[in-house]
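Keep the model open as you read. The side chains are the place to look.

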Amino acid sequence: MGDLRLAPVWRAVLGGGLAGLGPAAAGPFSLLPGLVLLWSVSSRPRLAGLWGGLAVLVSHRWLLGLHPLTWMGVPAVLSLPIAVGLLLVCAFAGAGLLMLWSGLACWMSTRVRPLEQALLLSLLWGLAEVWLSGSPMFWIGLGGSLLPMDPWLAVLARWIGAGGLAVVVLLWSWVIVRRQVVMAVLSLVMAHGLGFWLLHHQAPITGSLDLAVWQPAIPTREKFSRERQRRFPAALQAALDQAAARSAPWLVAPEGTLSSSWRTPLPESSTALLSGGFRQVRGQLMSSLLMLQPGGAPKPVPLLDKHRLVPIGEWMPSGLTAGLSAVGGLHPGQPSRFVDGFSPSLALAICYEISHGHALAEAVAEGGQWLLAVANLDPYPLQLQDQFLALSQLRALETSRDVLSVGNTGPTAVVRSDGVVERLLPAGQEGVATATVQLHAQITPYSRWPDRPLLFMLPLVLLLVRVQGSR
């Protein structure tokens, strides 16, 4: 697949590092060269595994922000090894997936023509990304790595989703390895031209919703301290007062803001509260989106529970431990992300559920007119906030819906349906801001069919591979 005049092991090292820099940073400028280098070693499983492991090490290095874990009772001597260990586990998982992918490439190398081989490998990669995005992992795939640098290409997800973008980017990099430069350039220009047209032909706006957002900026390591708990009701009331002063009917607060024991009613003159928080259901703790009306019941009304829980952090199998979390031991809610108990209806992502485009697209097809993402990304560094915001952009482009992101320390922003980001508050800074979310009713092809076209293509490509392999 081309003579790149670089030792294979260094191609794997350089390619994995470049791919890892892609998400929310260098984008396609490092991603495409990284994939070109991957194709050049695709028939060597160990080198492909090295590529995959390094890509995850670079892209997920924010996991080291877990250290120190002493506030959770972890001995200081074990804190850094645990954080490093979690990153290494993710890296080994990435390496294993790439070795399987490369093993299939080896098997097909003498049985299938290069074009059919590239088609099948790219399609399987795209479908694997769709599956992984719905798994317990916080998945940052090739499609999400295009943003924020290349919205003109990423907007094609409105038709083909993030999995389809992965297929397209992989095939482009394969064409480059095959030195079909003219074909690569022409197809890139055509795709970007189509994307430019899509971005300038948005779905009509059917209405708008004025909201206030609160970014508490409470360090997670201090959140459950006695002093923070004592000061919290006054801080919440001050945020509600600021929202009321701005004539905002609702104040939106991030994931985990209200405790499961919250029983304080809102004053009659207050703004209503839409907040992430916890609730007890038959002795089981859930992370939820909760609603409190002024002058209403003191107990929040649950709208939807978090479905995807962070392994080890929020959930452990068989109740072995409470997990590496201050709340720990959470239980999942229903898979649907559609919220119809709030008007106008919405699709909800709690924390890293923002990576599951399929579920949010289905919620939009059910009637969601806008997307809400509430999160607590502390104590992780700004790198994770940037990746979260890039995934919010991809969800906005896929569904042609505005996304309101509200985080404890950020990102707090409105992402328009064309992917344009309007930041509301600086990262890490406490404050209240107002936002206008535009409503849309038109359903995009991806929201209507999600990833069915990719699934439909798989048997066709397999049939083509079988026909070629039998000759």
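What follows is a walk through charged pairs, then aromatic rings. The model is a predicted one.

Start with the charged side chains. The salt bridges number 10. One of them joins Glu-222 to Arg-228. The closest N and O atoms of this pair lie 3.1 Å apart. How accessible are the two partners? Glu-222 has 37% relative accessibility, so Glu-222 counts as partly exposed. Arg-228 has 21%. Buried requires under 20%, so Arg-228 also falls in the partly exposed class.

Next, find Lys-306 and Glu-255. Their side chains meet in a salt bridge, at 3.2 Å from N to O. This pair links distant parts of the chain, 51 residues apart. Lys-306 sits in the loop between strand S5 (301–305) and strand S6 (338–339). Glu-255 belongs to strand S2, residues 250–258. Both Lys-306 and Glu-255 are buried.

The loop between S5 and S6 also holds Arg-337. Arg-337 forms a salt bridge with Glu-353, with 3.1 Å between the closest N and O atoms. Which parts of the chain does this pair tie together? Glu-353 lies in the loop between strand S7 (346–350) and helix H11 (357–366), so the bridge ties the S5–S6 loop to a part 16 residues away in sequence.

Now turn to the rings. A pair of aromatic rings is described by the distance of the centres and the angle of the planes. The count of aromatic pairs is 10. Among them is the pair of Phe-232 and Trp-262. Phe-232 lies in helix H10, residues 226–245. Trp-262 lies in the loop between S2 and strand S3 (272–281). The pair thus links distant parts of the chain, 30 residues apart. Phe-232 and Trp-262 are both buried.

Elsewhere, ring pairs build a cluster. Its members are Trp-39, Trp-51, Trp-101 and Trp-125.

Which ring lies under the charged end of Arg-308? It is the ring of Tyr-352, whose centre is 4.8 Å from that charged end.

Conventions
Residues are numbered from 1 along each chain as its sequence is written. This is a predicted model: local features need pLDDT of at least 70, side-chain atom pairs count only at pLDDT 80 or more; totals for chains, interfaces and linings use all residues. Side-chain values use heavy atoms; hydrogens and water are left out. A salt bridge is a side-chain nitrogen of Lys or Arg within 4 Å of a carboxyl oxygen of Asp or Glu. Buried means under 20% relative accessible area, exposed over 50%, partly exposed in between (1.4 Å probe, protein chains only). Helices (H or I, at least four residues) and strands (E, at least two) are DSSP runs, numbered from the N terminus. Rings of Phe, Tyr and Trp (its six-membered ring) pair if their centres lie within 6.5 Å; planes under 30 degrees apart count as stacked, over 60 as edge-to-face and the rest as tilted. A charge sits over a ring if NZ of Lys or CZ of Arg is within 6 Å of the ring centre and within 35 degrees of the ring normal.
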